[in-house]
Amino acid sequence: MSIGAIIGIVIVVLIVGVIGWGISAYNGLVTLKNRVKNGWAQIDVQLKQRADLIPNLVETVKGYASHESQVFTQVTQARAGAVAAANDPNATIAQRTAAENQLSHALLNLQATAEAYPQLQANQNFMNLQGQLKELENKIAYARQFYNDVVLKFNTAIETVPTNIIAGLFHFEQAQYFQVDESAREAPQVKF
């Protein structure tokens, strides 16, 4: 075999190797992007279930604490905002997160209000609803953790060499984390 043939074979092998790596890197980024979408879809399902449960919870608490109208209005408005954001196809993850954080804060106020009524605490329907809400909140927390883990992997793949080359060529953009609003970290204020 001549040196020219050997050099030609080496060049072909290198080109095939680079193309193979490029395809593999692209497919890996697409897989991570789809996992991000799937993670968000899982959160969305849990948030919808929570939004569907809230009217029943509010009505049950209203029966015992009807004079707490400000709390009920806050929960109802926050739920409406979260549902509107969920139904808006142009809503960003940041907008959805803000709406859901506002709803979480309103629910904390509702639960704190309910704690002031021992008869309500003994109501079986309220206890069932509260148990369902707690279970949904745990599922949402798990789904958020899963989503944020996948976003971390995806964003890391986009930023690290050499996959950042493929990410730049095919315009992959970083995904947004689902973060808790700072106000949601504060304890709710209950006033009577």
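Analyst: Helix H1 gives the most to the lining of the largest pocket, with four residues. Helices here are DSSP runs (H or I, at least four residues), numbered from the N terminus. A pocket is found on a 1 Å grid over the protein atoms alone: an open set of points where a 1.4 Å probe fits, with protein on both sides within 12 Å along at least five of seven lines, and lining residues have an atom within 4 Å of a point. This is a predicted model, so local features need pLDDT of at least 70 and side-chain atom pairs count only at pLDDT 80 or more, while totals for chains, interfaces and linings use all residues. Residues are numbered from 1 along each chain as its sequence is written, and side-chain values use heavy atoms, with hydrogens and water left out.

The pocket holds about 320 Å³ of space, counted as the space filled by probe spheres set on grid points joined across faces, edges and corners. Of its 13 lining residues, Lys33, Val36, Lys37, Ile93 and Ala175 are the closest to its centre. H1 and H5 are the elements that give two or more residues to the lining. Sorted by type, the lining has seven nonpolar, three polar and three charged residues. Nonpolar covers Ala, Val, Leu, Ile, Met, Phe, Trp, Tyr, Cys and Pro; charged covers Asp, Glu, Lys and Arg; the others, Gly among them, are polar.

Now let's turn to tryptophan 40, in helix H1. (Rings of Phe, Tyr and Trp, using its six-membered ring, pair if their centres lie within 6.5 Å; planes under 30 degrees apart are stacked, over 60 edge-to-face, the rest tilted.) Both tryptophan 40 and phenylalanine 178 are buried, and buried means under 20% relative accessible area with a 1.4 Å probe, protein chains only.

Arginine 96 touches Trp40, Asp44, Leu47, Ala85, Ala86 and Ala91, leaving aside neighbours within four places in sequence; contact means heavy atoms within 4.5 Å. Arginine 96 counts as buried because its relative accessible area is 6%.

Definitions and conventions: Buried < 20%, exposed > 50% of the residue type's maximum accessible area, 1.4 Å probe, protein only.
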